[in-house]
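Please look at the sequence and the structure first.

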Amino acid sequence: MERIPIQAIDTNDRRFCISYPLHNAQLATSIQKIGIIEPLLLLKRSPYAVISGFKRLEVAVMLRHSSVPAVIHDITDKDAFLYAVHNNRIRGFNLVEKATAFERMFHFTLTPSETQEVITMLAIQSSEKIFKNLVGIANGENALKDFIVTYNLSMKNAEALLRFTPHERKDIMHILSSLHFTDSSLRETLELLTL
């Protein structure tokens, strides 16, 4: 482990980022009080690319740290992606993170067994419909992603939201944000709106 200056890291390179959202108030408070405990994992490039630790880096930049603790790996991009999925699996994935990892998987030349391994780690059912929904979520607007994470939407309800245009979704999410709803009442509401 070594301390790496933040200016030596490409903070815009998000190829391996599957965390969503990046801002985490609890993490920010913790890092402000005691610093970064778990080092970032960086890909040996010039500048360095983050494999894992995007949230920690985001907080470090926000707090104006000049350097971060890191472990440097000299591996392929494909292996870096697989490492990122494995490393983030420990904390679990929300639906947006699953969608992001699934969509990013196709940017790397994975073998069929590696592809199946990622799908298994993400706890995704192998179904063309689910795959299509995951890509829709991954490519959706941030407001949709925020809504999915904030209300911990099920795949079924996220799928229902994807049937609407981005403009319609914005209006629907705005109205729903002011209401208290359960998963089943949201599903019924979205089904009625579809009709």
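Q: Where is the place of Pro-21?
A: A cis peptide bond joins Tyr-20 and Pro-21, with omega at about -5°. Helices (H or I, at least four residues) and strands (E, at least two) are DSSP runs, numbered from the N terminus. In those terms, Pro-21 has its place in the loop between strand 1 (2-5) and helix 1 (25-34).

Q: What is the mean pLDDT of the protein chain?
A: This is a predicted model, in which local features need pLDDT of at least 70, side-chain atom pairs count only at pLDDT 80 or more, and totals for chains, interfaces and linings use all residues. Residues are numbered from 1 along each chain as its sequence is written, and side-chain values use heavy atoms, with hydrogens and water left out. The term pLDDT is the predictor's confidence in each residue, from 0 to 100. In the protein chain 100% of the residues reach 70 or more, and the mean pLDDT is 94.

Q: In which element of the protein chain is confidence lowest?
A: Confidence is highest in strand 3 (residues 49-52), at 98. The lowest mean, 88, belongs to helix 10 (residues 183-194).

Q: Where is the place of Pro-47?
A: The peptide bond from Ser-46 to Pro-47 is cis, and its omega is near 0°. Pro-47 is placed in the loop between strand 2 (40-43) and strand 3.

Q: What is phi of Arg-64 near?
A: Arg-64 is found in the loop between helix 2 (54-62) and strand 4 (67-73). Its phi is positive, in a residue other than glycine, and lies near 60°.

Q: At what angle do helix 6 and helix 8 pack?
A: Axes are lines fitted to C-alpha atoms, for helices over the stretch in contact, and angles run from 0 to 180 degrees between N-to-C directions. Helix 6 (residues 128-138) and helix 8 (residues 155-162) have their axes 10 Å apart and pack at an angle of about 65°.

Q: How many residues of the contact of helix 6 with helix 8 are nonpolar?
A: Contact means heavy atoms within 4.5 Å. Among the residues that make the contact are Ile-130 and Leu-134 of helix 6 and Met-155 and Leu-162 of helix 8. Ala, Val, Leu, Ile, Met, Phe, Trp, Tyr, Cys and Pro count as nonpolar, Asp, Glu, Lys and Arg as charged, and the others, Gly among them, as polar. The contact divides into 2 charged, 2 polar and, as nonpolar residues, 6.
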